[in-house]
Amino acid sequence: MTTQKHGIFCGIVPPHVLDRLAQSEDPRHHEPARRTLEHDGSLRTRRRITAARTTVGSPAGALSDKPQRTIFDAGHVETLPGTKVHSEADKPSKDATVNRAHAGLGATFDLYLKVYGRHSIDGAGLPLNATVHYGQSYDNAFWDGEQMVFGDGDGDLFLDFTLPVDVIGHELTHGVTQHTANLEYYGQSGALNESISDVFGSLIKQYALGQTTDQADWLIGAGLLGPDVTGQALRSMKAPGTAYDDDKLGKDPQPATMDQFVRTNRDNGGVHINSGIPNHAFYLLATALGGHAWERAGNIWYATLTGGQLSSDADFAAFARLTAATAKTLYGEGDAVQAVLKAWSQVGVPAS
């Protein structure tokens with residue numbers, strides 16, 4: 001068995017938000033943002049933009065249908081993994097952050113196993129480890145290729161990063177992508193990488209809550225922003241560009257269609273910005289099909305991601321064409337294929 005760390009670094013809070021906060025005159029805002037940017041930048045310099053595919057051999061014997069979760073406490077320093085504070089068989093902790101991390105890892109494991117038949121992140125029963133209370137007022141959460149890491153936030157603009165289960169699902173899904181299509185973290189393939197994490201982060205939340213497409217809020221990171229921030233979440237799949245409009249965070253820059261595609265050299269070619277386009281395509285597909293989004297719509301996206309046909313440098317159009325082909329394979333010529341084609345057409349991406 002050979003294991004290599006994920007070659008990218010992705011935190012749930014986009015760099016453009018932290019960049020803006022770092023320029024604030026208020027030390028309550030610029031100090032945590034600058035520390036977070038310095039930390040995140042140091043991790044990026046130690047990794048390649050393109051991830052090395054991780055190959056994990058299947059363990060001997062049958063795979064367990066139960067997660068193996070371990071939570072560590074960093075004690076507000078930036079050393080991993082920290083002190084072990086909670087194991088799978090332990091009773092709930094007195095620390096609510098530990099309990100939320102444990103539950104979020106479990107919610108992610110449940111969706112992938114019970115809906116898609118995938119045993120953990122790597123498909124081979126990978127234990128799920130997480131570190132909480134990382135750093136001083138650290139304004140981010142990330143998957144480092146082996147485990148989850150959660151900051152406590154600054155308590156003002158960002159709250160505890162274990163609060164939204166879709167944040168946990170988003171970051172762990174970077175691990176699923178790492179072990180499957182291995183999408184390069186730059187340009188449109190990088191935006192697809194981000195979007196796939198948003199899609200399954202949202203599906204994990206919807207599955208945990210038993211929500212149908214019309215009941216879901218389609219927000220990423222709802223509950224993460226502080227009470228004085230003018231905004232609902234970090235991103236909106238239903239209406240990209242509307243998640244927040246705040247004098248401190250700025251305005252959500254995500255486009256919903258190719259007409260507003262953002263060309264930039266920052267953030268690896270705008271991976272956190274242009275992900276709004278495939279995000280919106282998935283929302284349009286899921287709501288057109290109705291019911292539970294993790295079923296037909298989610299199955300099309302999952303089968304496309306894991307089917308072996310998606311190249312690591314795929315652009316939006318290549319992904320769109322594959323989703324249409326996958327829909328036909330799974331459901332035949334019918335409403336699913338037509339809904340896929342229409343959803344991509346509505347965001348300006350050719351799918352046929």
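**Reading aromatic pairs in a predicted model**

Author: For residues 181–349, UniProt lists "domain: Peptidase M4 C-terminal", and the entry is an unreviewed one. The model we are reading here is predicted.

Reader: How many aromatic pairs does the structure hold, and by what is a pair of aromatic rings described?

Author: A pair of aromatic rings is described by the distance of the centres together with the angle of the planes. The structure holds 18 aromatic pairs. One of them is formed by Phe 200 and Tyr 302, with 6.4 Å centre to centre and 80 degrees between the planes, and this pair is edge-to-face, since planes over 60 degrees apart count as such.

Reader: Which parts does the pair of Phe 200 and Tyr 302 tie together, and are the two residues buried or exposed?

Author: Phe 200 belongs to helix 5 (residues 187–209) and Tyr 302 to helix 8 (residues 296–306), so the pair ties together parts that lie 102 residues apart in sequence. Phe 200 and Tyr 302 are both buried.

Reader: What can be said of Phe 319 and Trp 344 as an aromatic pair?

Author: Phe 319 and Trp 344 form an edge-to-face pair, at 6.1 Å centre to centre and with 80 degrees between the planes. Because Phe 319 lies in helix 9 (residues 316–331) and Trp 344 in helix 10 (residues 335–346), the pair ties together parts that are 25 residues apart in sequence. Both residues, Phe 319 and Trp 344, are buried.

Reader: Which residues do ring pairs link into a cluster?

Author: The cluster linked by ring pairs consists of Trp 218, Phe 282, Tyr 283, Trp 301, Phe 319 and Trp 344.

Note on methods:
Residues are numbered from 1 along each chain as its sequence is written. This is a predicted model: local features need pLDDT of at least 70, side-chain atom pairs count only at pLDDT 80 or more; totals for chains, interfaces and linings use all residues. Side-chain values use heavy atoms; hydrogens and water are left out. UniProt positions are given in the numbering used here, feature names are shortened, and annotations may be inferred rather than shown by experiment. Rings of Phe, Tyr and Trp (its six-membered ring) pair if their centres lie within 6.5 Å; planes under 30 degrees apart count as stacked, over 60 as edge-to-face and the rest as tilted. Helices (H or I, at least four residues) and strands (E, at least two) are DSSP runs, numbered from the N terminus. Buried means under 20% relative accessible area, exposed over 50%, partly exposed in between (1.4 Å probe, protein chains only).
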